[in-house]
Amino acid sequence: MMNYRITLLPGDGIGPEIMAVAVDVLKVVGNQFNLNFEFQEAPIGGVAIDATGKPLPTETLEMCRNSNGVLLAAIGGYKWDNLPRHQRPETGLLGLRAGLGLFANLRPAKILPQLIDASTLKREIVEEVDIMVVRELTGGVYFGRPKGVFETETGEKRGVNTMAYSESEIDRIARVGFETAQKRGGKLCSVDKANVLEVSQFWRDRITLLAQEYPDVELSHLYVDNAAMQLVRWPKQFDTIVTGNLFGDILSDAAAMLTGSIGMLPSASLGASGPGVFEPVHGSAPDIAGQDKANPLAQVLSVAMMLRYALEQPLVADKIEKGVLEVLEQGYRTGDIMSEGMKLVGCQKMGEVLLEVLSL
Ligand code: NAD
């Protein structure tokens, strides 16, 4: 039997409701596949501020480090919105990413056939879209120096940010890109702006060099402006995309919106070693918290990502993803993805139906 220690960070708002469903799912598949999950729960975000005064208590970070995978639900809410920045729930999230050295952000944009009409694009453009955006998370123009607003010799003010990537930064995100592509359709598209930016030409050269180590992956390159256009023109051409922090920030949101249903989207953040963090893309939805209205499926799909990318259990991940498709096929919908003729259910009921399907 395989043993895994999983840190649960339910956080705020709908977090505890959707986390409860995710834990039930892990218990059921654990029994079926002979995996033993040991759960440890810790506070983060608003609940941590209330309990300890800090959005990321040291003990929480330690617990995360000391586990095989971290499942995060969501943080934040009206109550903590006016606190100083260092005490805000979001600061806890940034602290977690920095503390675990999470440099790679994986965001899938997969069209679920049952929800195809939720997309704003035409059916024939989006059906069968299955893209993974691998975004560099801790470098590039968001962190490069110099940065700031400086006064020039003429007394005029000038805002400055610096886009910079070192060899090691490019190599490690490129490897995540190649390895992700290996686990998927075997195609990797690197997105840059090499026609204008030196840093991008350097990025392209490094990735081309590394490609020799991955002969089973078909590598292509696109300029970011063309990539943005191709994403909405013919998104099916993409399998896995790897790109820097700024381009990835924008393209992953655009790719996600192809699906039209943000309540269904999981994500993963991975480091060089140590546990990754797996969480829904959506926030803590304070407007529906505590009302049993939340859609737990993005959290459940985050569990599948943890099994695939951190615990190397692709068959278990497949089973969960198929289970999600099956409950949608049976017509069950939470309010956020409800459409005519479907069966409206709450968070708990959605979880129960899913557990039934998984138990078959
Ligand atoms: P949000 O994603 O929480 O909510 C946006 C809208 O989508 C709301 O109407 C909400 O009810 C709905 N929604 C979101 N998830 C849903 C789900 N699973 N099921 C059904 N409906 C769902 O974004 P927001 O309102 O901008 O932010 C609310 C709080 O969440 C803020 O404090 C924000 O800082 C925080 N936030 C946290 C994260 C995170 O934890 N990673 C991400 C984004 C926002």
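The ligand is surrounded by 18 residues, and the closest are Glu90, Gly283, Ala285, Asp287 and Asn295. The model is a predicted one. By class, the shell around the ligand splits into eight nonpolar, six polar and four charged residues.

Glutamate 90 places a polar side-chain atom 2.6 Å from an oxygen atom of the ligand. Glutamate 279 also uses a polar side-chain atom, which lies 3.4 Å from a nitrogen atom of the ligand. Asparagine 295 works through its backbone: an N or O atom there lies 2.8 Å from a nitrogen atom of the ligand. On its own, the ligand has 810 Å² of accessible area, and the protein covers 66% of it.

Now look at the backbone around alanine 285. This residue is among the closest to the ligand. Its phi is near 40°, a positive value in a residue other than glycine. Alanine 285 sits in the loop between strand 12 (277-280) and helix 10 (297-309).

Two further backbone features deserve a look. Most residues other than glycine have a negative phi, and most peptide bonds are trans. Asparagine 34 has a positive phi, near 60°. Asparagine 34 lies in the loop between helix 1 (15-33) and strand 2 (35-41). Its relative accessibility is 44%, so asparagine 34 counts as partly exposed. The other feature is a cis peptide bond between arginine 145 and proline 146, with omega about 5°. Proline 146 belongs to strand 6 (residues 144-151).

Rolling a probe the size of a water molecule over the atoms shows where empty space is left. Here the structure holds two cavities of 30 Å³ or more. By class, the lining of the largest cavity has eight nonpolar, four polar and one charged residues.

The second largest cavity has a volume of about 30 Å³. Leu72, Leu93, Leu96, Arg97, Leu102, Ser269, Val277 and Glu279 line it. Helix 4 (89-99) and strand 12 are the elements that give two or more residues to this lining. Helix 4 provides the largest share, three residues. Five lining residues are nonpolar, one is polar and two are charged.

Conventions:
Residues are numbered from 1 along each chain as its sequence is written. This is a predicted model: local features need pLDDT of at least 70, side-chain atom pairs count only at pLDDT 80 or more; totals for chains, interfaces and linings use all residues. Side-chain values use heavy atoms; hydrogens and water are left out. A residue is near a molecule or strand if one of its heavy atoms lies within 4 Å of it. A polar contact is a pair of N or O atoms within 3.5 Å; within protein, one must be able to donate a hydrogen and the other to accept it, and residues adjacent in sequence count only if both atoms are side-chain atoms. Accessible areas come from the Shrake-Rupley method with a 1.4 Å probe; for residues, only the protein chains shown count as cover. Ala, Val, Leu, Ile, Met, Phe, Trp, Tyr, Cys and Pro count as nonpolar, Asp, Glu, Lys and Arg as charged, and the others, Gly among them, as polar. Helices (H or I, at least four residues) and strands (E, at least two) are DSSP runs, numbered from the N terminus. Buried means under 20% relative accessible area, exposed over 50%, partly exposed in between (1.4 Å probe, protein chains only). On a 1 Å grid over the protein atoms alone, a cavity is a set of points where a 1.4 Å probe fits but cannot get out, and a pocket is an open set with protein on both sides within 12 Å along at least five of seven lines; lining residues have an atom within 4 Å of a point. Grid points are joined across faces, edges and corners, and a volume is the space filled by probe spheres set on the points.
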